[in-house]
Amino acid sequence: MQAVVHRYGQNTLIQFEDFGNHNAFRFLEKYRNKYLTFNDDIQGTASVAVAGLLASLRLTKTKLAENTFLFQGAGEASIGIAQLIVMALEKEGVPHEEALKKIWLVDSKGLLVKDRPEGGISGHKKEFAQDHPPMRHLADAVKKIRPSVLIGAAAIGGAFTPEIIKDMASFNERPVIFALSNPTSKAECTAEDAYKYTDGKAIFASGSPFLPVTHNGQTFYPGQGNNAYIFPGVALAVITTGIHHIKDEIFLMAAEALASRVSEQDLAEGRLYPPLATIRDCSTAIAAYIAEHAYKNGLASTYPEPADKEAFIKAQLYDFSYDNKSALPDVYEWPQLSKI
């Protein structure tokens with residue numbers, strides 16, 4: 001970390017990714033208040049997942065606080081999402097301890113519960129351990145807890161079995177099912193299974209791309225919760241406004257901004273995210289939203305404060321357009337590419 005800022009400057013933004021679970025949290029906690037840095041696996045994944053959840057509320061007609069969340073997996077992605085959900089719930093006015101009670105996680109040894117006989121609970125998992133009898137299997141946890149939201153982020157392909165998906169539909173009018181693991185072979189279920197076994201009621205998102213699914217005459221276009229929706233916009237805001245430390249609230253704001261870009265047409269077609277073709281506009285909108293917050297709350301250090309944040313940010317985007325040939329002298333001869 002010292003070498004990076006020595007070489008590239010004190011304001012260098014350092015993005016962490018693909019570290020092991022233990023090291024990912026350890027390095028984030030060690031450096032987040034000393035350097036300009038974030039971990040995309042923890043914070044970026046959390047932000048894009050929460051964006052999908054916020055968008056799904058427009059279909060379920062509920063508030064976030066009216067939902068119960070069950071995770072398959074308790075690694076950095078799941079913990080990151082869970083932590084950001086807690087922050088979003090607190091923003092709705094839910095006390096911290098009550099927010100924690102709405103979140104359940106299953107790891108390789110079963111449900112995270114206090115005094116679990118098979119294997120202890122360490123690190124960031126501890127705060128999500130519930131007062132509940134031990135349960136070994138996800139299917140049993142689904143039946144007992146009856147979650148409204150099921151999130152997979154443990155790279156266990158097929159973990160959401162037809163039985164589990166059917167159970168989700170049996171006690172939810174619109175079950176929310178996020179199969180976030182990738183590649184596709186590691187997805188907890190396919191889009192086709194999610195719609196098939198819920199009779200088209202599922203609100204589905206995935207980490208891997210899936211083709212459109214037609215069920216009972218209706219075609220669904222499943223949304224892909226890709227981190228690329230988040231980290232470019234966050235980085236753009238941070239760099240242009242001169243934010244020194246990236247707090248978790250910035251990733252919650254990014255989630256809110258992304259969710260606001262989801263149209264009614266997107267929702268009607270089964271999408272919880274805007275089309276990837278609009279990602280440049282999404283990034284600019286996220287950056288502008290964060291920039292407003294940064295100046296309002298004293299997080300920005302780029303002065304004077306721009307009157308039009310979005311125009312200011314757009315003016316600093318990399319321009320990949322080049323002058324065309326007509327701007328060059330007539331005598332210029334374009335080189336011919338040699339055949340290899």
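Visitor: So buried means under 20% relative accessible area, exposed means over 50%, and partly exposed is in between (1.4 Å probe, protein chains only). Is D167 buried or exposed?

Guide: D167 is buried, because its relative accessible area is 16%. A word on the source first. This is a predicted model, where local features need pLDDT of at least 70, side-chain atom pairs count only at pLDDT 80 or more, and totals for chains, interfaces and linings use all residues. Residues are numbered from 1 along each chain as its sequence is written, and side-chain values use heavy atoms, with hydrogens and water left out.

Visitor: Okay. Where does D167 lie?

Guide: In helix α7. Helices (H or I, at least four residues) and strands (E, at least two) are DSSP runs, numbered from the N terminus. Helix α7 covers residues 162-170, and its buried residues are I164, I165, D167, M168 and A169.

Visitor: What does D167 touch, skipping residues up to four places away in sequence?

Guide: V142 and K143. Contact here means heavy atoms within 4.5 Å.

Visitor: And the buried residues of α7, what do they pack against?

Guide: Four elements are listed: α6 (138-145), β6 (149-152), β7 and α8.

Visitor: Tell me about α6. At what angle do α6 and α7 pack?

Guide: At about 10°, with their axes 10 Å apart. Axes are lines fitted to C-alpha atoms, for helices over the stretch in contact, and angles run from 0 to 180 degrees between N-to-C directions.

Visitor: What does that angle make α6 and α7?

Guide: Roughly parallel to each other. That label goes to angles under 35 degrees; over 145 is roughly antiparallel, 65 to 115 is roughly perpendicular, and the rest are oblique.

Visitor: Which residues meet there?

Guide: From α6, L138, A139, V142 and K143; from α7, E163, I164, D167 and M168.

Visitor: New topic. Which residues does the UniProt "binding site" annotation cover?

Guide: According to the unreviewed UniProt entry, N182 and N226. One caution: UniProt positions are in the numbering used here, feature names are shortened, and annotations may be inferred rather than shown by experiment.

Visitor: Where is N182?

Guide: In the loop between β7 (176-179) and α8 (191-196). N182 is partly exposed, at 48% relative accessibility. Leaving aside neighbours within four places in sequence, N182 contacts G207 and S208.

Visitor: And where is N226?

Guide: In the loop between β11 (223-224) and α9 (231-241). N226 is partly exposed too, with a relative accessible area of 24%. A polar atom of the N226 side chain lies 2.8 Å from the backbone nitrogen of A228. A polar contact is a pair of N or O atoms within 3.5 Å; within protein, one must be able to donate a hydrogen and the other to accept it, and residues adjacent in sequence count only if both atoms are side-chain atoms.

Visitor: Last one: is N67 buried or exposed?

Guide: N67 is buried, at 6% relative accessible area. N67 lies in the loop between α3 (40-60) and β3 (69-72).
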